[in-house]
2 protein chains.
Amino acid sequence: MKLQQIIRENHLGLLFQQGNFGLEKESQRVDMNGNIVTTPHPAVFGNRSYHPYIQSDFAESQLELITPPNAKLEDSFRWLSAIHEVVLRSLPDDEYIYPLSMPAGLPPEEQIQEAQFDNPDDVKYREYLSKTYGKYKQMVSGIHYNFQLSPEFVEKAFAAQTEYATHKEFQNALYMKLANNFLRYQWILLYLLAASPTVESQYFCGKSPLAAGQFVRSLRSSRYGYVNSPEVVVNHDSLQSYVESLEAQVVEGLLIAEKEFYSNVRLRGGKKARDLLENGVKYAEFRLFDLNPFAPYGIELSDAKFIHTFLLGMLWLEETSGQKEVEIGKQRLYQVAMEDPRSETAFRAEGETVLNQILAMLETLGSSEENRDLVREKLAQLADPNQTIGGRLIQAIEQFGSDKAVGAKFAQTYKAQAFERFYALSAFDNMELSTQALFFDLIQQGISTELLDENDQFLALKFGEHLEYVKNGNMTSHDQYISPLIMENKVVTKKVLAKAGFNVPKSVEFTTLEEAVAHYPLFEGKAVVIKPKSTNYGLGITIFQQAVKNREDFAKAVEIAFREDKEVMVEDYLVGTEYRFFVLGDETLAVLLRVPANVVGDGVHCVKELVDLKNADPLRGDGSRSPLKKIALGEIEQLQLKEQGLTVDSVPEKGQTVQLRANSNISTGGDSIDMTDQMHESYKQIAVGIAHAMGAKVCGVDLIIPDLTKPAEPHLNSWGVIEANFNPMMMMHIFPYQGKSRRLTKAVIKMLFPELDN
Amino acid sequence: MKLQQIIRENHLGLLFQQGNFGLEKESQRVDMNGNIVTTPHPAVFGNRSYHPYIQSDFAESQLELITPPNAKLEDSFRWLSAIHEVVLRSLPDDEYIYPLSMPAGLPPEEQIQEAQFDNPDDVKYREYLSKTYGKYKQMVSGIHYNFQLSPEFVEKAFAAQTEYATHKEFQNALYMKLANNFLRYQWILLYLLAASPTVESQYFCGKSPLAAGQFVRSLRSSRYGYVNSPEVVVNHDSLQSYVESLEAQVVEGLLIAEKEFYSNVRLRGGKKARDLLENGVKYAEFRLFDLNPFAPYGIELSDAKFIHTFLLGMLWLEETSGQKEVEIGKQRLYQVAMEDPRSETAFRAEGETVLNQILAMLETLGSSEENRDLVREKLAQLADPNQTIGGRLIQAIEQFGSDKAVGAKFAQTYKAQAFERFYALSAFDNMELSTQALFFDLIQQGISTELLDENDQFLALKFGEHLEYVKNGNMTSHDQYISPLIMENKVVTKKVLAKAGFNVPKSVEFTTLEEAVAHYPLFEGKAVVIKPKSTNYGLGITIFQQAVKNREDFAKAVEIAFREDKEVMVEDYLVGTEYRFFVLGDETLAVLLRVPANVVGDGVHCVKELVDLKNADPLRGDGSRSPLKKIALGEIEQLQLKEQGLTVDSVPEKGQTVQLRANSNISTGGDSIDMTDQMHESYKQIAVGIAHAMGAKVCGVDLIIPDLTKPAEPHLNSWGVIEANFNPMMMMHIFPYQGKSRRLTKAVIKMLFPELDN
């Protein structure tokens, strides 16, 4: 296969470097000391029979975290980060994720529970493994790396060659070359990335093969790892011989099933090996990799990129390894696995040759400087074993006293990190917080999620064959198109609500200043609100809370409103407090009070210090990447202080509330206070009715209520509605400043997928 | 009742001048010569048992057109205009609306069919009228004017007085005063507005009371009009006596029902007179008015405004007329009705006194100069009878030869006027044409329509208890909220369509110029379209129809696209013609081809003249108030001509098509060509599937198809979809440049109201 020539002559270099990438990461749930826990797989993660992201592997304690395939490795890492944050924040307080491949703190074997899948065959298979290999060996964890060549590359390269008659044969040959060359040279990756130097002695169920204090590069990839018995031999000379010999092992009873064949490469493309011959290889799974304890998610992005480059190198090589070379590779792997991580490897020269060939490939392909630097770094590590992950891990073990101590320490650190911005998904912080919260719940509950457009907050959700789309956290197929259009228009909203019998303050609309002023006698002496018809952010609104008393004030307010819109409304002013009702379907799920930015004195600190103290709340930030906004001390706030006879240096008395703003917007530092339980049920029902009247399933209803404890009466003195909001904010309810959190995103999922019963 | 004082002291002048106004107009359907037709009420107007706007009155030939109540008389007139345009455009080609109150060209009595309502009682009542009064008398037509005082005025005035104990009593007293004073002074309005000076002799079923060539002011309001027998006397001294005496007439058999009592004022508030006592008077109906033949809709707005002022004057008068005064008023009415329209009236002095009192009232109220001028004009008409409508009508009759000739001539003129802009509703031309077309169909079919917000094209529709909202002609509750959000985003649209298995051209998105250019090798030698992700008007799009051949051209195109959006797509170019499919539900209702602005030569005219000729099409205008846009001859068009070696003065050969634009937009003078019947059915089904995949009920799907006659095949060479549009334009299908009109608005109504079976 003259791949180099085909790529060069057909300018396929860019396509050759494209592909799809997926990661699977096993790891043990442990206690704070690194002991494996014997609790069942957490119920919060839904059902393993379908969960696409959070599974259990061999044992109940052994998590398997899976990213979907992505065209960019960066995206797979963002997924890995998000899944980890979901898992770490969902685990019981006293559980952690162990960051090392080799388990420490193994419980007595009988306490290890095989993963309890719904399908009895899945459980039986694990019980067979327990009997055959012992449970401890099954507790080892690692990273699986899935790689698919760009289908367009395969197509174009096939078109440019003559050796293979069919696309399938060509594609299979490509993947066989990749697999075999990988198996031949995998020891290089092991040398660089290995991180399982030791294990507690009980793991061996007898005498440990390691001398006291002996460290190796990778127990996991050694003969003491997760390997088949030596009689199991699968022939790699061709895909045909590979499939046939694998099938023969099963027929002969050496393997209970094809999947019991443990190879560091698995060719994927069907349920059975024979499917590969019939349908072609779709992608390859590389299972060599130990967990990297220095990486919060078990592998560094730079290493994943290097692995990709290495895989391309395996395809780029002139030769294609056969069974003989694969056997050589296996022996070298075993040998390197048992080397001391601090020592040079026996095969350094071969390693350097291969890496230099890869470097030359990158230059031919015109690949990025970053990729080439990665290879150069690894070349340096061939010369200096202490720079390898294994080398660094030995130093850490020596520092902390044991591998278990290292594991426990890092496990705690990574869990704490996952809570730093507990309201966000760090890797998806480019999206709105509400979409992040929804995405968190989707990952947790196991709804397949595709990010159709991150900038646009557009997700596609799938559960079985049931497909739903969501935009901005709660815009879905469940609302009617006309509903948001009604809500966008205050005049129409009021007409629709009045028509449906809800208490709406009377208002008159005007299209010219003259017309409005000519109608001044209608409003003289009344408390009124003057506002533009359609703007939403409080711009251009004047409130005459007592009463409008002269024509000039009235005219001025109308003029201000006309700056924002071509139509202006003069509306009766309603007395009372404004509450936001979050309605979903037939229920008000949350009620919120928004309070203008303020601090409460303690008799000790000055206003400036009180603001700093309040701003230290992790919920407060810039207001877009945080649920609440830090209080500013700008002109407006200082003016507000001045009106109260205060400055930023005044020390308010204990308990004294100091207003820093007149408006209650969260976006200007206001507090969000959950009032769901305090609000009289009757108002919640009214809010639901209002949402229904507009044909809305999800709706933010703003009611003015003088006394939230008294039952609603059917007149404007008891309550009134001014407007309703589509796509209502959820974060202020999920993470309020005070009061109970209302996880509205879960309710959105339940609305979309009522068939989900957890 | 000290109403003047109450209004003055409580600043209620503005509220006093507010109210609600509705108009009902009877008229006969006639042939081009003014003969009443004997055809049934047109089926196109749906069912009379519910139609709110288009009814029949006594006879099948007698239309009754009804406006809903409006707070502004101007709006009632806009409705009256719209209803007339609907009726005139829906009538058979050879039918017209007769503009005079007194019928001419009466058919033999036996050919006059009583209106065939669904309810047998309605028909029986008309048969009773035929027997009692003769059919001819029932054929007289007029205008009914409904007026309601502002409820807020009544409330405030009630609060400010002490004479009446309850709001209802006060309100009833107000309306009684209005009714009685009106009946006392109605002769003034008759003098000014009367327009039934003569009638053909057979109307009288015997000897005509008119001498040869005699004209009177109003036969309709005379003893020869539509009056009860002299024995019928209802007492107007109080509401109580009014109700009781009316009931007594029915009990005594002088009237078959309360509604048989013909008064020029009817108090409204329930089905029976007694309801008025129990529930209070809601509004008053004034039935005095002859059709004004000089007004296309039977009454001029200025006269309607004057009537309102006159009614306010009746309330403003210090005295309240009782039965005695009402009788005086009735006698004066009869006397004035029989005066010669060209002569002064016997009661001129009283008329001037009343009108001067009204003028003084307007000054006290600070009413507009316009209103005062109207009264001054009428005062002048008291001095000069030739200025009255009646006076002017006599001149017209003398000019044309007969009242029938006047009626026939004006009927033809008004019908022709209604067709001038046949695609619009003149009075609602501030709304989009598609909303006008929908509104037209709603009026025609009798769906109650409320214009919630005209600027926002927001309608509320009601049929029985079934309420629907529509914005911009086809945005309704039937579409899901998420659908337009999907369609708004080209990337998401393509992903959703690809997921559902539709042919979508491959594309790659980039967020930086550098990134896109680095991927240039992926596109070299391919035909591609480079476009911004989300703009819609063709801005920033570059098409490499053959193939992109160098990096610089590619980079330039990407840069242009980035000017319009933060994300840019590079998409495979599809070969073929673009067609717009209008999908509603499970059906493609229309297919349209848009052709760039062009003219076809005739060997005689030059390009400039050909453009003028093409622009003369009434469909062409500014493109917003007309379905098509006039072709311009600006820089772009002249450049396009130059490329063809032509100028605006060139004379193209017969049959030669001259391109004036490269783009096919209707908004730049393009032609719309209906291709619904030519398009192979398979593509129509694909378009429906695409709409379904996005959850859309109404959707404009753009397909690229190389050959519309061949059945669709499942690959991109056969067809491809680039985008789908929510709220698709309807006018280009309803009024295409070429091909069959597709009345999509009717389909929207059918979708919203499937229970409508016509």
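Author: What follows takes up an interface and then turns to the charged side chains.

This is a predicted model, in which local features need pLDDT of at least 70 and side-chain atom pairs count only at pLDDT 80 or more, while totals for chains, interfaces and linings use all residues. Residues are numbered from 1 along each chain as its sequence is written, chains are lettered from A and ligands numbered from 1 in the order in which they are written, and side-chain values use heavy atoms, with hydrogens and water left out.

The two sides contribute 44 residues from chain A and 44 residues from chain B to the contact (heavy atoms within 4.5 Å). Together, chain A and chain B bury about 3700 Å², and 60% of this lies on carbon and sulfur atoms; buried area is the accessible area, taken with a 1.4 Å probe, that two parts lose on being put together, summed over both. Of the area that chain A buries against chain B, A:Tyr469, A:Tyr481 and A:Ile482 supply 19%, which is more than any other three residues.

On the side of chain A that touches chain B, at least two residues each come from several elements, including strand E8 (448-453), strand E9 (458-463), strand E10 (466-471) and helix H18 (490-499); helices, of at least four residues (H or I), and strands, of at least two (E), are DSSP runs numbered from the N terminus. H18(A) gives the most to this side, with five residues. By class, the residues of this side of chain A divide into 22 nonpolar, eight polar and 14 charged, where Asp, Glu, Lys and Arg count as charged, Ala, Val, Leu, Ile, Met, Phe, Trp, Tyr, Cys and Pro as nonpolar, and the others, Gly among them, as polar.

Nine salt bridges are found across the interface of chain A and chain B, each a side-chain nitrogen of Lys or Arg within 4 Å of a carboxyl oxygen of Asp or Glu. One salt bridge joins B:Glu152 to A:Lys526, with the closest N and O atoms 4.0 Å apart. B:Glu152 also forms a salt bridge with B:Lys156, where the closest N and O atoms are 3.4 Å apart. Because B:Glu152 and B:Lys156 are four residues apart in helix H6 (residues 151-159) of chain B, about one helical turn separates them. An α-helix has 3.6 residues a turn, so residues three or four places apart point the same way. At 31% relative accessibility, B:Lys156 counts as partly exposed, a class that lies between buried, under 20%, and exposed, over 50% (1.4 Å probe, protein chains only).

Over all chains the count comes to 96 salt bridges, and a further one in chain B joins B:Arg742 and B:Asp677, with the closest N and O atoms 3.2 Å apart. B:Arg742 lies in the loop between helix H24 (731-734) and helix H25 (744-752) of chain B, and B:Asp677 in the loop between strand E21 (671-674) and helix H23 (681-693) of chain B, so this pair ties together parts that are 65 residues apart in sequence. B:Arg742 is buried at a relative accessible area of 11%, whereas B:Asp677 is exposed at 54%.
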